[in-house]
Amino acid sequence: MSVKVTFEILENTIKQAFLNAGLNDEKAGICAKIHTESSADGVESHGANRVPRFVKYVKRGWVNPNGEPELVGKKGLAENYDGNLGPGITNAIFCTDRAIKLADEHGIGLVTLNNTTHWMRGGTYAWRMAESGKIGISWIATESCMPMWGSDEPGIGNNPFCMAVPRENGEIVLDMAMSQYAYGKLGVYRLAGKQLPYPGGFDENGNLTSDPSAIERSKRILPTGYWKGTSMALVLDLVASALANGKTGSDLDDEKRGSCTGCCQIFIAIDPYLFGDKDTVQKKWDDRVKKADLSHPIDSSHPVKCPGENTLQRRSISMREGINVDEKIWEQIQTLAKI
């Protein structure tokens, strides 16, 4: 069961919870804004729902509330940072903005980050790059939480991958885990007492199921594209750990700390007009998106949309009618925010 909360009230309440947890005013404000925006966009799994867990990680010492990105190395259009286990959101925003700045100077900017923490909604940073006028690519290498194809135990991270296109008539943004449903999304359906729209993993008896609770118990989430999802997840892990000069997912497994604690992240910003003029590129994008959206729908009440278009619609509804927040999660956030 969910309740409607205005953007301002949700943001201010989350900020106070983060202040109580030990973040300074600037970091608490930035993190609260991103968590609230994620829920407003319909990604409550990595928005308000993640607030209690983030506070728990800070209290356990798995997140350093005072950690700041520290430059480790620089080569031309690329920079490498140590996140010093700082809040994943503020670390990732810093690296996103550095990638954008490098792309302004070189046409392409690559920023890699090691020893950081969960960045919450990965799409946040792809959206940020697109809104700045850059093509954005970003991903994260997590601890093992998904079975390799052919296995019945976790052996690779779901390693979310994001890519964004700065179309002026509406950004096109892909934000996907390498599993059919991220664990956060399973939690959303479980809390709502709902089944998944499509099978999302296996139960403890090895049966494909749409029951989110059964999948959480078995830890056998279904890879996107079966063997393709786990293969891509592995490659993303290998590339991230090399470019960031940090830990692989198996290194994180050995440490047995919280989700993504000490992980690597990659941020790439690209000037879309390196070899084409702006008007031509934008028209090309508009034509392609228009034709995709005109694809004949299976269900006439659900027209076909490109990734990111429904997000903009949900955002508008949330700002007008209030943000959906699970009732139990809202009670936890309010308790954490008490002075």
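Entry 1. In this predicted model, I looked up helix α4 (residues 88-106) and helix α5 (residues 123-131), whose axes cross at roughly 30° and come within 10 Å of each other. Angles under 35 degrees count as roughly parallel, and α4 and α5 are therefore described as roughly parallel to each other. I noted that the crossing of α4 past α5 is right-handed. On the α4 side I found G88, I89, A92, I93, T96, D97 and I100, which meet Y125, R128 and M129 in α5. I sorted this contact by class into 6 nonpolar, 2 polar and 2 charged residues.

Entry 2. I traced the open sheet of 7 strands in the order β2-β3-β4-β12-β5-β8-β9 and recorded its pairing as mixed. At its edges I found β2 (70-75) and β9 (172-176), each of which pairs on one side only. Neighbouring strands in this sheet are turned by 10° against each other on average, direction ignored. Within the sheet I followed strand β5 (residues 135-141), which pairs with strand β8 (residues 161-165) in the antiparallel sense over 4 bridges. I noted C162 in β8 as the bridge partner of S138.

Entry 3. Last, I looked up helix α3 (residues 51-60) and helix α12 (residues 327-336), which pack with their axes 9 Å apart at an angle of about 40°. These two helices, α3 and α12, are therefore oblique to each other. I listed V51, P52, V55 and K59 of α3 and Q332, I333 and L336 of α12 as making the contact. The contact residues of α3 with α12 comprise 5 nonpolar, 1 polar and 1 charged.

How values were computed. Residues are numbered from 1 along each chain as its sequence is written. This is a predicted model: local features need pLDDT of at least 70, side-chain atom pairs count only at pLDDT 80 or more; totals for chains, interfaces and linings use all residues. Side-chain values use heavy atoms; hydrogens and water are left out. Axes are lines fitted to C-alpha atoms, for helices over the stretch in contact, and angles run from 0 to 180 degrees between N-to-C directions. Angles under 35 degrees count as roughly parallel, over 145 as roughly antiparallel, 65 to 115 as roughly perpendicular and the rest as oblique. Contact means heavy atoms within 4.5 Å. Ala, Val, Leu, Ile, Met, Phe, Trp, Tyr, Cys and Pro count as nonpolar, Asp, Glu, Lys and Arg as charged, and the others, Gly among them, as polar. A crossing is left-handed if the near helix is turned anticlockwise from the far one by less than a right angle, and right-handed if clockwise. Two strands pair if DSSP finds at least two bridges between them.
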